[in-house]
Amino acid sequence: MRILVTAGPTREPIDPVRYITNRSSGRMGYALAGAAAHEGHHVILVSGPTSLDVPPGVDFIPVETAQEMYDTVRSLCDRTDIAILCAAVADYRPIAVADQKIKKTGDKLTLELEKTPDILGSMRSDFGYTGILVGFAAETQNIEQYAHDKLIRKQCDLIVANDVSRKDIGFDSSQNEVLLITADGAEPLPKDTKEHIAMEIISRASGIIPH
Ligand code: C5P
């Protein structure tokens, strides 16, 4: 199968030397890409900046901003059987990017931000994507409820939910503990390495019948 994976954070520029980003290491997405390639799938990894090595056998498309990730995913998704959107896309970006470095003049500086495009939320409604769709939900409370809402709202087949308030799993950690949310309900996977969890997600996703 042809599998598209998004991974890592995005970087939203403020001026030529500064940007807004988040704590995503990219490990979960890279583990998914590696596990899928290992299973013999054709994998395209669209990733924001990380310090990770691209897994063997994976086609790699580096991007920086949410907009670049959106444009890349839109151009690739009609040739995709499974899309796993794991990237920690910045939710907001500066409205204006300064051409020159912003100087330290005042005591306060206000940045005006606007929403970035929602890639996962655009897959069905705007891109007309009909393949298997897997999203992630990083939550700090009401995990199952929020993840289930996201499953319905963004018309996903599977949401992988985790509790990002915990320090031992999730963001920037080598381990994860997730809940798999489908229309049939929620199933917890025990705490494990991101590589093992990735293998389980690839196996579940490739078993879903597309609608
Ligand atoms: O709504 P929320 O940002 O919590 O949803 C997280 C899921 O949506 C993840 O799968 C993430 O990769 C995806 N996402 C996206 N584009 C955005 C924001 C999130 O694809 N702009």
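How many of the 12 residues of helix 1 are buried? Keep that in mind while I do the housekeeping. This is a predicted model, where local features need pLDDT of at least 70, side-chain atom pairs count only at pLDDT 80 or more, and totals for chains, interfaces and linings use all residues. Residues are numbered from 1 along each chain as its sequence is written.

Okay, helix 1. It covers residues 27-38, and 11 of its 12 residues are buried. By buried I mean 20 or more other C-beta atoms within 10 Å of the residue's own; exposed is 12 or fewer, partly exposed is in between, and the C-beta atoms are placed from the backbone. Helices (H or I, at least four residues) and strands (E, at least two) are DSSP runs, numbered from the N terminus. From first C-alpha to last, helix 1 reaches 16 Å, close to the 16 Å expected at 1.5 Å a residue; that expected span is 1.5 Å times one less than the number of residues.

What do the buried residues of helix 1 pack against? Strands 1, 4, 5, 6 and 11, plus helix 5. Contact here means C-beta atoms, placed from the backbone, within 7 Å. Take A33: leaving out residues up to four places away in sequence, A33 touches V5, A7, V43, L45, P55 and V58. Just after the helix, G40 takes a positive phi of about 95 degrees.

A33 also turns up in the largest nonpolar core, which has 56 residues. A nonpolar core is a set of buried Ala, Val, Leu, Ile, Met, Phe, Trp, Tyr and Cys residues joined through C-beta atoms within 7 Å. V5, L32, A33, I84 and V134 touch the most other members, and helix 1 gives the most to this core, with eight residues. As background, nonpolar side chains tend to be buried together in soluble globular proteins.

Now the strands. Strand 6, residues 82-85, is covered on both faces: I82 and I84 are buried on one side, A83 and L85 on the other. Strands pair if DSSP finds at least two bridges between them. Strand 6 runs parallel to strand 1, with four bridges, and T6 has L85 as its bridge partner. Strand 6 also pairs with strand 9 in the parallel sense, over four bridges, and there L85 partners G135. Moving along, six bridges join strand 9 to strand 10, again parallel, with F136 partnered by V160. Strand 10 has five of its six residues buried, so it is largely enclosed by the rest of the structure.

Which residues are closest to the ligand? V89, I119, L120, G135 and F136, out of 15 surrounding residues; to count, a residue's C-beta atom, placed from the backbone, has to lie within 6 Å. Helix 3 and strand 9 each give two or more residues to that shell, and strand 9 has the largest share, three residues. By class, the shell has 10 nonpolar, three polar and two charged residues. Nonpolar means Ala, Val, Leu, Ile, Met, Phe, Trp, Tyr, Cys and Pro; charged means Asp, Glu, Lys and Arg; the others, Gly among them, are polar.

Last stop, two loops. N142 sits between strand 9 and helix 4, and has a positive phi of about 45 degrees although it is not a glycine. N142 is exposed, with 10 other C-beta atoms within 10 Å. Q155, between helix 4 and strand 10, has a positive phi near 50 degrees and counts as partly exposed, with 16 C-beta neighbours inside 10 Å.

How values were computed. Contact = placed C-beta atoms within 7 Å.
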